[in-house]
Amino acid sequence: MLAPVFPALAQRPWWPYFLLTLGVFFLATDVIVGRLAGGVDVPPFGLGFWRVMGPALLLTPFQARALLARRAVVRRHWPILAVLGFCISALGGSAIYLGLGLTSAVNAGVVLASQSAVMAFLGWAIFRDRITGRQGVGLAIAAAGVLAVVARGDVGVLLALQPQVGDLLVFAGVIGYAAYIVLVRATPAELSPYARLCVVSWFGALFAAPLYAWETLAGTPFPYTPASLAMIAWISVAVTILAIGCLTVGALRVGAYASSQFFYVRTVFVAALAILVLGESVAAYHVAGLLLICAGIWLMQARRRAG
């Protein structure tokens, strides 16, 4: 990606790290868009629908020939592709956008940092990936970090069973995106990343459409204004297509472990953008929660680093 445009830069050793940084920056902006949406009366389910419908429409002209040639592969594997579509739409984007209307971007950014831990748990639950005792402790510590943010640093909130609904919805979105990444290994290798994304986005649109329709019938139609159209363009092109391209190329160059560390940088970008764009502030429980999450994931991945 971008190599034909910048052939000399593509040979530099720092190039894949630049792409990974750019990719997680694009992902971080999705949180800011979700928070800004409420200010211009853009409903969450409508935005979630266009989060998948936009890439589907944009990618289809470029991937139609390849998908037509591999239509038998798509037919054989449509169930897993449909599950992936559900993970990134109804369970992923729609849940996060709904949650962002009820919580701060900084909170969401810290909760999103737990994605690696959730991926490790789902890998064990679905594929029986091995989790050592040390990794289990790390998973528990990371979970404590998420709870610290959800409870706003107040244990009484958890004891009273009154957690922040917005944070829980964002965490549901984390589960969706983590499941997508874990389940990708079950998809056919014959499909390129963008061909797979195209098919998955169409399935995602099918799952997101009923939520979009219900929201519209309930009296909150999607306003097609310059601001909302700009949001659709950004989340379709930058947050989805460009981010996937940057992260895929970067991961292929430096490996899965090194590339996974860049998801922590996303939280830094979210916090910085939330302060600069939204005027939010960072509280002590944000720092405590993030430190717990990072410590837990560090323990979980220590064995992999040693290997």
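## Val 111 and its neighbours

Leaving aside residues up to four places away in sequence, Val 111 touches Val 149, Asp 167, Val 170, Phe 171 and Val 174, where contact means heavy atoms within 4.5 Å. Val 111 and Val 149 lie 38 residues apart in sequence, and their C-alpha atoms are 7.2 Å apart in space.

Val 111 belongs to helix α5 (residues 105-112); helices (H or I, at least four residues) and strands (E, at least two) are DSSP runs numbered from the N terminus. With a relative accessible area of 0%, Val 111 is buried. Here buried means under 20% relative accessible area, exposed means over 50%, and partly exposed is in between, using a 1.4 Å probe and protein chains only.

## About the model

This is a predicted model, in which local features need pLDDT of at least 70 and side-chain atom pairs count only at pLDDT 80 or more, while totals for chains, interfaces and linings use all residues. Residues are numbered from 1 along each chain as its sequence is written, and side-chain values use heavy atoms, with hydrogens and water left out.

## The whole protein

Let's step back to the overall picture. The protein has 14 helices and 0 strands. Of its 307 residues, 48% are buried. Among contacts between residues at least 6 apart in sequence, 88% join residues at least 24 apart.

The protein exposes about 14,200 Å², and carbon and sulfur atoms supply 72% of that area. Accessible areas come from the Shrake-Rupley method with a 1.4 Å probe; for residues, only the protein chains shown count as cover.

## Where α6 meets α9

How do helices α6 and α9 cross, and at what angle? The axes of α6 (residues 115-127) and α9 (residues 165-183) come within 9 Å and cross at roughly 55°. That makes α6 oblique to α9, since angles under 35 degrees count as roughly parallel, over 145 as roughly antiparallel, 65 to 115 as roughly perpendicular and the rest as oblique. Axes are lines fitted to C-alpha atoms, for helices over the stretch in contact, and angles run from 0 to 180 degrees between N-to-C directions.

Residues making the contact include Val 118, Leu 122 and Ile 126 of α6, and Phe 171, Val 174 and Ala 178 of α9. The contact residues divide into 14 nonpolar, 2 polar and no charged. Ala, Val, Leu, Ile, Met, Phe, Trp, Tyr, Cys and Pro count as nonpolar, Asp, Glu, Lys and Arg as charged, and the others, Gly among them, as polar.

## Asp 41 in a loop

Asp 41 is found in the loop between α1 (15-39) and α2 (44-69). Although not a glycine, Asp 41 has a positive phi of about 60°. Asp 41 is exposed, with a relative accessible area of 60%.
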